[in-house]
Amino acid sequence: MPRIAPPDVDRAAAARAAVAARRARAAVKQSIHDRSRTALEVATTAWDDPTAAAEATLRVRELLTSIPSLGPTRVAKAMEQLGIAESKRVGGLGVRQRRRLLEWFEQRENRGHPASPSRLVVLAGPTAVGKGTVSTFIRENYPDVHLSVSATTRAPRPGEVDGVNYFFVSDDEFDRLIETGQMLETATVHNAFRYGTARAPIDVALAEGKSVLLEIDLQGARSVRAAMPEAVLVFLLPPTWEELVRRLIGRGTEDSIEQQRRLETAKVELAAQDEFDHRVVNREVGQAAREVVELMAIPHTPSSSRSSRL
Ligand code: 5GP
């Protein structure tokens, strides 16, 4: 059937109304993003308040992608799990879909406050982003966190202590650790040395109710996710790509060919960030460390303030 075009004046008014509606939806998304409202609050407003047009006309996919730390891959997975079509708007969800979405929000909420306070958190991220600095800060300031000590076949650098920074082992010893089934994950990093996480100390710490932090590479993070799906994966990001380049070149530990190779690897690693549960930007080490610790169910009192109370 031929469509009848509205008169010009109506068209202008309709265009203005559409722009206003888009702006209102953008403001709702922003409020979730900057955490002034939760996605759950927005959804229940859409369902309970008949005047809440911006909330009701927001697509479910947009509602979920506005949640900080939730990447498009996890959103797509959640939508599939919930049986909600791409084009569905929050206000247009059926009763069963609403119930499933509410349950999904509840589960997410409980993941942040589990009944048992111990959690296994994996910190990964691109080369030179400062994972080591953040985990050292955590070791020195948050003694309640059990930092896993990896085994490696590389030689200690000046100042590194066996048993504190790493267990420095020979290739034969590393093979033996694998053969005797002691390793949760292992990886060859930067095509050079082997690194791995022993399983037993992690099991013991978790059984004692401690939260455990693994600072490992991307391959290791994937292996841990496969072996222990309950692990929380945190991706550490640089503030900008330029800053990552500056950090890699500035530390001066690699020659220029190796720097170039690691930057290529970093691009690939950055592309994996959506596989992670949370993203933390490493602008300032103390702040990034605090954000990582806050993702672990432990009291967030740095040791400095704790000792000042003694
Ligand atoms: P570095 O030799 O500079 O201390 O560490 C090199 C890389 O190895 C870093 O990306 C670090 O996260 C990673 N790494 C350290 N320990 C482990 C581990 O146990 N497993 C895996 N997969 N990677 C590790």
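A residue counts as buried when its relative accessible area is under 20%, and as exposed when that area is over 50%. Keep that in mind while you look around this model, which is a predicted one.

- Helix α5 covers residues 72-82, and its buried residues are R74, V75, A78, M79 and L82.
- If you look down the axis of α5, those buried residues fall within an arc of 140 degrees, so they line one face of the helix.
- Here's the background: an α-helix has 3.6 residues a turn, so residues three or four places apart point the same way.
- Turn to the other side of α5 and you'll find K77, E80 and Q81, which are exposed.

**Strand β7 and its partners**

- How much of strand β7 is covered? Four of the five residues in this strand (residues 211-215) are buried, so to speak mostly covered.
- Strand β1 (residues 120-124) runs parallel to β7, and four bridges join the two.
- Within that pairing, L120 stands opposite V212 of β7.
- Strand β2 (residues 145-147) is also parallel to β7, joined to it by three bridges.
- Here L147 has L213 in β7 as its bridge partner.
- While you're looking at strands, remember that in a regular strand the side chains alternate between the two faces of the sheet.

**Aromatic rings**

- How many aromatic pairs does the structure hold? There are four of them.
- One is formed by W104 and F105, an edge-to-face pair with 5.6 Å from centre to centre and 65 degrees between the planes.
- Are W104 and F105 buried or exposed? W104 has 10% relative accessibility, so it counts as buried, and F105, at 7%, counts as buried too.
- Another pair is F235 with F276: the ring centres are 4.9 Å apart and the planes sit at 70 degrees, so this pair is edge-to-face.
- The F235–F276 pair links distant parts of the chain, since the two residues are 41 residues apart.
- F235 belongs to strand β8 (residues 232-237), while F276 lies in the loop between α12 (256-270) and β9 (278-281).
- Both F235 and F276 are buried.
- Elsewhere, Y166, F168 and Y195 make up one aromatic cluster.

Notes:
Residues numbered from 1 in each chain as written. Predicted model: local features only at pLDDT ≥ 70, side-chain atom pairs only at ≥ 80, totals over all residues. Heavy atoms only, no water. Buried < 20%, exposed > 50% of the residue type's maximum accessible area, 1.4 Å probe, protein only. Pairing = 2+ DSSP bridges. Arc of directions from axis to C-beta. Phe/Tyr/Trp six-rings, centres within 6.5 Å; stacked < 30°, edge-to-face > 60°.
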